[in-house]
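Reader: Please present the structure and then answer a series of questions about its strands, a helix and the overall dimensions.

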Amino acid sequence: MSKGVLLIVSGPSGAGKGTVCSEYMKRRPETFLSISATSRSPRPGDEDGVTYFFKTREQFEKMIEDDGFLEYAEFCGNYYGTPKEPAIKAINDGRDVILEIEVQGAYKVKEKCPDAILVFVLPPSPDVLRQRLTGRGTESPDVIEKRIGEAHREILRGANYDYIIVNDKLDLAADKLEIIADAEKIRVCRNKEYLQNVWDLKE
């Protein structure tokens, strides 16, 4: 059985990366969507194993000691991280894995999983990003401008990603993510076992 691919999807707030991932999952429901773990307490509406895997601080730190995360970080006194075992198991079982995280965490995962594919989702332009953030109706103009500034910095940090998807139309963006996953599966470096076992080709 060939292994699945690990797709790491990042992008600034307002790029629509979560929506693109959701559309991809509708098309390919066999894909494993990695769920983060956190040490923060559940909030109303949260569901363990759906929103997050909720851990006590002691449980989370024990997982850190046991190398149980692909990446983790601490924000505002709480830990957040990507559990390693379920993602690696899914990949070894031949399932593709989608991991939606920020750039810093993505590079940490890439260190542990060099075969991971980094995909950066962008809005068509800064003006479109501003329109999307304004359309939410949840943030002040000052906060929106701050987010746009953060987006520029995040784009610079994502300059070493493997692919860029401009999320202008959702269907096309999801198409591109499918194309990336399919193309990666037929790379020579991912098919050496087939070449060796079927064609008896040795390096």
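Reader: How many bridges join strand β1 to strand β7?
Author: In this predicted model, local features need pLDDT of at least 70 and side-chain atom pairs count only at pLDDT 80 or more, while totals for chains, interfaces and linings use all residues. Residues are numbered from 1 along each chain as its sequence is written, and side-chain values use heavy atoms, with hydrogens and water left out. Helices (H or I, at least four residues) and strands (E, at least two) are DSSP runs numbered from the N terminus, and two strands pair if DSSP finds at least two bridges between them. Strand β1 (residues 6–10) runs parallel to β7 (residues 97–100), where valine 9 stands opposite glutamate 100, and the number of bridges joining the two strands is 4.

Reader: Which residue in β7 is the bridge partner of leucine 33?
Author: Strand β2 (residues 32–33) also pairs with β7, in the parallel sense and over 2 bridges. Within β7, the partner of leucine 33 is isoleucine 98.

Reader: Is glutamate 85 buried or exposed?
Author: Glutamate 85 is placed in helix α3. Buried means under 20% relative accessible area, exposed over 50%, and partly exposed in between (1.4 Å probe, protein chains only). With a relative accessible area of 65%, glutamate 85 is exposed.

Reader: What radius of gyration does the chain have?
Author: The radius is taken over C-alpha atoms, and the globule rule is 2.2 Å times the number of residues to the power 0.38. The C-alpha trace spans about 65 × 45 × 30 Å along its principal axes. For 203 residues, a compact globule would have a radius near 17 Å, which agrees with the chain's 18 Å.
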